[in-house]
Amino acid sequence: MTAHAWSSPVVRARTMWPSQPGALRIRPLPRESAASYLTRLAATYQLTAAQLLDGLHIATTGTFAAPPATDIHLSAEAAHRLSAFTRIPPAHLARALARQLPPASIGTAHAAIAHWQPVPPAVQPLPACTACTIRRSPHQAAPAWIHPAPSSPRIMICTRHQQASSDSRQPAPLDIRPVPELTRPRPTARRATTASLSWASTITTRWYDHQQHLHQRWLTRLDRLTNANPHIPPGPASPALTCRSLVIHPETLILAAALDRLPSRPLTHAQQTAFLHRLADRLRLPRLAPADHDLLWQRLHAR
């Protein structure tokens, strides 16, 4: 066989066996989607994900689409073959497996099979920090997609490399160096419960959409982000939408911490006034007087 024939991606893929580990060790990122890791691994060997799976003798079903639109579910035998090839222990490799429950035919299968499955936009992984990705790749890294930490806002911020992601429609993480407040959240805000974070996110999102209270600050922050990141796609979703969660993130954490400290008993009128005064001070607002239809006001009266 000629040297040219051996250079064919299909030929290279078909010569791979689980008993023959790959020459390069590609480590998964924490919480990386299985499709993302498999795509990066294949790209290192100049293969497609389908060719890599074929080389490992893993049968596939479903329709492949580039991450983050799909993820892949591996049977136990398929995961074992991938672990042997990558030289990554199964327990460590499990961090890169799909977060959704696999189909029954995959989860109980004894054969080496895999299934591509669409991922709803609301739970799609987000683009990973490019600097962190390159550190785990021997050469120029392919884009990686990782899931946000559970029970936290759908935002990922790499304070070391000043990159952040908040929407799967963004093709790459954003440079947040012009917005330093994103990397300096207040420590007390990090301890807020999931319920308080959910309420705070809903409230600040409503403020953002209706241009209330912090509109000018958020508009300035959005302008800084878009100017520093010309790669943000202009449509079909505008940067005002795809960057929304990131723009409101500092104030969302502050509000979540404040809501988390509210007592379980109903507040008196004086206590409500004192709470709004303290919250305005933490948000660096001269005053905070929510209207009756404001979700914050409803939250205070719902206790």
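1. In this predicted model, helix 3 (residues 34-44) and helix 5 (residues 76-86) cross at roughly 40°, and their axes come within 13 Å. Axes are lines fitted to C-alpha atoms, for helices over the stretch in contact, with angles from 0 to 180 degrees between N-to-C directions.

2. Tyr37, Leu38 and Leu41 of helix 3 meet Leu82, Phe85 and Thr86 of helix 5, contact being heavy atoms within 4.5 Å. By class, five residues of this contact are nonpolar, one is polar and none is charged.

3. Helix 9 (residues 194-209) packs against helix 13 (residues 249-260) at an angle of about 130°, with the axes 8 Å apart. These two helices are therefore also oblique to each other. Among the residues making the contact are Trp199 and Ile203 of helix 9 and Leu255 and Leu259 of helix 13. The contact of helix 9 with helix 13 comprises eight nonpolar, four polar and two charged residues.

4. Gln272 lies in helix 14 (residues 269-282). Gln272 counts as buried because its relative accessibility is 7%, the limit for buried being under 20% (1.4 Å probe, protein chains only). The side chain of Gln272 reaches the backbone oxygen of Leu267 at 3.4 Å. Leaving aside residues up to four places away in sequence, Gln272 touches Leu267, Trp297, Leu300 and His301.

5. On conventions, residues are numbered from 1 along each chain as its sequence is written, and side-chain values use heavy atoms, without hydrogens and water. Local features of this predicted model need pLDDT of at least 70, side-chain atom pairs count only at pLDDT 80 or more, and totals for chains, interfaces and linings use all residues.

Conventions: Helices (H or I, at least four residues) and strands (E, at least two) are DSSP runs, numbered from the N terminus. Angles under 35 degrees count as roughly parallel, over 145 as roughly antiparallel, 65 to 115 as roughly perpendicular and the rest as oblique. Ala, Val, Leu, Ile, Met, Phe, Trp, Tyr, Cys and Pro count as nonpolar, Asp, Glu, Lys and Arg as charged, and the others, Gly among them, as polar. Buried means under 20% relative accessible area, exposed over 50%, partly exposed in between (1.4 Å probe, protein chains only). A polar contact is a pair of N or O atoms within 3.5 Å; within protein, one must be able to donate a hydrogen and the other to accept it, and residues adjacent in sequence count only if both atoms are side-chain atoms.
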